[in-house]
Amino acid sequence: MKKLFSFISVLCLCAYAWAYDFQVDGLYYTIINDTEEPYSVELSDPAEESEYQSIIELAIPEAVEYESKTYLVTGIRTNAFWGSENLISVTVPAGVVNFYSGGFSSCPNLTTVIWNATHCKYADYAFSYCEKLQSIEFGDEVEILPIGLCASLPSLATVTIPES
């Protein structure tokens, strides 16, 4: 029984160590497609929770270069930026189509979100428990307002939606 527990523990640690495939400019990415163009990645949580703590203003890139390939950033993984204490603003690019639960949950100082993701249908609890989040601005090209994006935001005072 002790050997089985040790084996399972090692497997869990290995799976966690491989939670991302590469890092560029302090952000961690998981490859979704690297076999045919367009190549794609999703933002992931780092191996150490403290890795994202120094980020204050985050503009998620539309694309990132890695090993001579250009990857489109198409998603934000579950709890990727959970609890990032210094984060005050986030800009989500148009190409994000997958926004998993709690991507920016429990970021206590987050105040502003600029949402440009044009076709993201779901963003359940994306910014939940961000007690200071006051403003969400949707970009002009946004075609779908994602379900669950504004859940549990007691300080939300302004939501800007384009006229179109």
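Predicted model: local features only at pLDDT ≥ 70, side-chain atom pairs only at ≥ 80, totals over all residues.

User: Why is serine 40 called buried?

Analyst: Buried means under 20% relative accessible area, exposed over 50%, and partly exposed in between (1.4 Å probe, protein chains only). Serine 40 has 11%, so it counts as buried. You'll find serine 40 in strand E3 (residues 39-44).

User: And what makes alanine 19 partly exposed?

Analyst: Its relative accessibility is 21%, so alanine 19 counts as partly exposed. Alanine 19 sits in the loop between helix H1 (2-17) and strand E1 (22-24). Leaving aside neighbours within four places in sequence, alanine 19 is in contact (heavy atoms within 4.5 Å) with Thr30, Ser44 and Asp45.

User: How many aromatic pairs does a search of the whole structure find?

Analyst: The search turns up 13. Rings of Phe, Tyr and Trp (its six-membered ring) pair if their centres lie within 6.5 Å; planes under 30 degrees apart count as stacked, over 60 as edge-to-face and the rest as tilted. In one of the pairs, tyrosine 52 and phenylalanine 81 are 4.2 Å centre to centre with 15 degrees between the planes, which is stacked. Tyrosine 52 lies in the loop between E3 and strand E4 (57-59) and phenylalanine 81 in the loop between strand E6 (69-76) and strand E7 (89-92), so this pair ties together parts 29 residues apart in sequence.

User: Why are phenylalanine 81 and phenylalanine 104 called stacked?

Analyst: Their ring centres are 4.7 Å apart and their planes are at 5 degrees, so the pair is stacked. Phenylalanine 104 counts as buried because its relative accessibility is 0%.

User: How do you know that lysine 69 lies over the face of tyrosine 39?

Analyst: A charge sits over a ring if NZ of Lys or CZ of Arg is within 6 Å of the ring centre and within 35 degrees of the ring normal. Lysine 69 is at 4.8 Å from the ring centre of tyrosine 39 and lies over its face.

Methods:
Residues numbered from 1 in each chain as written. Heavy atoms only, no water. Helix = DSSP H or I, 4+ residues; strand = E, 2+ residues; numbered from the N terminus.
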